[in-house]
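Q: Could you take a close look at the aromatic ring pairs here, and at how they sit relative to the contact between the chains?

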Amino acid sequence: MTTNTTHTNHSKGRNRSVTRGRPNYAAGFGALLWLCVVALPLYVMIGATLQSRPDYTAGGPLSLPRNLTLSNYTQDFSSGFGRYFLNTVVVTASVVGLVCLLVPPLAFAIVRNRGLATSRIFRIFLLGLAIPAQAVIVPMFYVISKAGLYDNLIGVILPTAAFCLPVCVLILTGTMRDITSDLFEAMAIDGATTRRVFFQLVVPLSKGGLATIVVFSALQAWNGFLFPLVLTQSEETKVLTLGLYDFQTQHGVDIPGLLAAVVLSTLPVLFVYLFARRALVQGLMGVGGK
Amino acid sequence: MGTGTGTGTGASTGARASQDAGRRPARARRRTRAPATPSSTVARPGVGWALPATLFFGLFALVPLVLVAVLSFASWDGLGAPQFAGTDNWAKLLDDPVMIRSLWLSLLLTVLGVVTQTPLAILLGVWAAGPQRNRAVLSAVFFVPLLLSATAISVLWRALLDPNFGVPAQARWLFGDGNLLGSRDGAIAVLVLVAAWQFTPLHALIYQGAARAVPEVLYQAASIDGAGTVRQFFHITLPQLRNSIITSVILMVVGGLTTFDTVLILTQGGPGTDTTITAFYMYQKAFKGFEFGIGSAIALLLVVVATLISLVVVRMSGYDRMAGTKEGM
């Protein structure tokens with residue numbers, strides 16, 4: 001909640017134009033141009049998936065779809081995408097679960113403990129922001145194979161969650177810092193235990209930050225590619241992104257079917273975006289380092 | 001997105017945060033001592049609260065980071081046990097023309113990415129920081145590419161640019177034979193274009209936040225002095241955005257050097273090895289060639305180069321001294 005309020009103050013409180021005075025036509029024109037650059041591929045994508053393959057080949061990608069059909073989607077589902085979809089849901093839910101289990105106590109300790117140990121720990125996580133997944137993928141393959149988790153969804157879930165942690169810690173400590181110490185003192189005088197303070201004060205007041213880390217980690221897990229690519233192999237453990245990649249290498253000429261698979265893989269994300277736009281934008285601004 | 005996040009940003013936030021933490025306890029302690037709180041340990045969680053997450057992160061992120069350094073001095077085919085190999089891997093890499101070229105290619109793509117995305121993102125971000133209603137709607141649309149996975153984006157663009165069934169086939173007057181991905185320059189141009197399509201919104205978002213924070217008085221003063229929109233942009237907005245530019249450039253550098261999915265799906269490193277960038281070469285060596293030791297060495301090299309460049313950017317810009325943008329106020 002707290003982050004939300006500060007954010008609103010920030011954006012709406014000062015309701016004024018940056019480039020002042022007259023409307024800036026040049027900038028408006030540029031923005032419209034960029035709109036075309038962004039929207040045209042999206043239009044082609046959705047248009048292509050709604051027509052049959054012969055229609056698409058005959059009309060070309062830029063033409064208006066004539067005979068609308070959903071057969072591309074049903075076909076994708078019958079060729080395994082239902083399975084991939086389910087696997088991605090399992091991975092995403094587990095990653096979000098793990099992040100929600102691990103990050104709030106950690107952030108609470110970082111914000112409230114203030115010992116040397118916790119500030120060191122915080123620093124480790126901040127340095128962790130800079131580790132790209134490619135840097136550790138070979139040893140990750142080694143660790144996961146040794147642990148007997150190769151080609152198992154658990155083996156994808158664990159590293160994906162681990163790589164979500166630094167950003168989530170950064171976001172949530174930011175939110176928890178905004179809880180005033182008066183509130184903690186009030187609860188202390190009431191004789192509340194640390195555990196009670198955490199569940200009755202810290203967690204409810206960090207809802208905004210929690211929503212952000214849920215959305216952020218869900219997006220990471222849903223769109224993850226490298227870990228599944230390297231750590232899984234069989235049809236049973238294939239996730240959506242990997243399914244897309246395979247589809248592309250095997251049936252690359254079936255463009256409507258391929259693009260329908262792209263839409264399928266993205267639809268839930270777009271749906272979440274409609275409802276959680278604010279949390280998501282904030283999360284990504286957090287990634288950008290404010 | 002997401003794999004590459006900024007070194008410099010992290011470090012500087014850390015510095016600020018720990019200063020914060022250093023200042024606060026004094027105040028808090030003083031205040032709690034005054035009313036003689038019965039249990040001052042309440043709401044002071046022990047280190048135990050931080051341990052599960054820390055151990056988890058250590059096991060799945062930090063241990064592999066140490067292992068990658070160890071494995072870079074070993075030879076391992078992915079099945080048996082790794083064998084110590086001294087500096088063999090490094091010697092091989094130094095002699096490998098594809099490796100050297102891949103580094104240059106990575107740098108080239110990164111520089112091209114920074115050069116194309118930064119002006120676009122600044123313009124879009126500053127524009128989006130304005131108040132009108134249509135900007136909010138447009139910004140929402142601009143944001144969509146960030147939601148799509150790199151895989152989805154690459155598959156989409158590959159389909160769009162398909163020489164037989166894609167846009168080039170329909171617009172031959174513009175694309176000629178239309179096989180953009182079949183030539184070196186075409187493939188590089190496509191990679192730059194797709195990266196811009198994918199990441200400009202993120203950077204525009206950073207600039208949007210920063211542009212909103214520019215103090216209004218500066219513009220008022222400039223207007224009184226008779227400065228027009230363009231002059232205001234170059235003399236107020238741009239200097240005020242300096243720190244955001246650095247943050248954003250570091251993100252682009254780290255992200256650019258670790259680009260992987262797009263290359264794997266769009267070009268497969270080809271034609272030939274013309275777009276075999278370092279991250280992709282690492283994947284090829286390790287997971288296609290089963291030379292995991294060499295793969296580790298490349299990965300380590302990649303991290304070192306990305307960190308060095310970030311440090312140089314931070315140093316050159318004076319960002320590490322946290323030089324204020326508010327001078328002259």
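**Aromatic pairs and the chain contact**

A: Over all chains, the count comes to 28 aromatic pairs, and bear in mind that this is a predicted model. Take A:Phe198 and B:Trp49: their ring centres are 5.0 Å apart with 65 degrees between the planes, so the pair goes down as edge-to-face, the class for angles over 60. This one crosses between chains, running from helix 9 (residues 194-205) of chain A, where A:Phe198 sits, to the loop between helix 1 (7-33) and helix 2 (51-71) of chain B, which holds B:Trp49. A:Phe198 counts as buried because its relative accessibility is 5%, while B:Trp49, at 22%, is partly exposed.

Another edge-to-face pair is B:Phe287 with B:Phe292, with centres 5.2 Å apart and planes at 90 degrees. Both B:Phe287 and B:Phe292 are buried. They also belong to a cluster linked by ring pairs, whose members include A:Phe141, A:Tyr142, A:Tyr150, B:Trp76 and B:Phe260.

Now for the contact itself. Chain A puts in 112 residues and chain B 114 residues. Together they bury about 10,200 Å², with 74% of that on carbon and sulfur atoms. On the side of chain A that touches chain B, helix 13 (residues 255-287) of chain A supplies the largest share, 15 residues. As for polar links, 6 residue pairs are in polar contact across the interface of chain A and chain B, and the salt bridge count between the two chains is 0.

Notes
Residues numbered from 1 in each chain as written. Chains lettered and ligands numbered in written order. Predicted model: local features only at pLDDT ≥ 70, side-chain atom pairs only at ≥ 80, totals over all residues. Heavy atoms only, no water. Phe/Tyr/Trp six-rings, centres within 6.5 Å; stacked < 30°, edge-to-face > 60°. Helix = DSSP H or I, 4+ residues; strand = E, 2+ residues; numbered from the N terminus. Buried < 20%, exposed > 50% of the residue type's maximum accessible area, 1.4 Å probe, protein only. Contact = heavy atoms within 4.5 Å. Buried area = accessible area lost by both parts, 1.4 Å probe. Salt bridge = Lys/Arg side-chain N within 4 Å of Asp/Glu carboxyl O. Polar contact = N/O pair within 3.5 Å; in protein donor to acceptor, adjacent residues only side chain to side chain.
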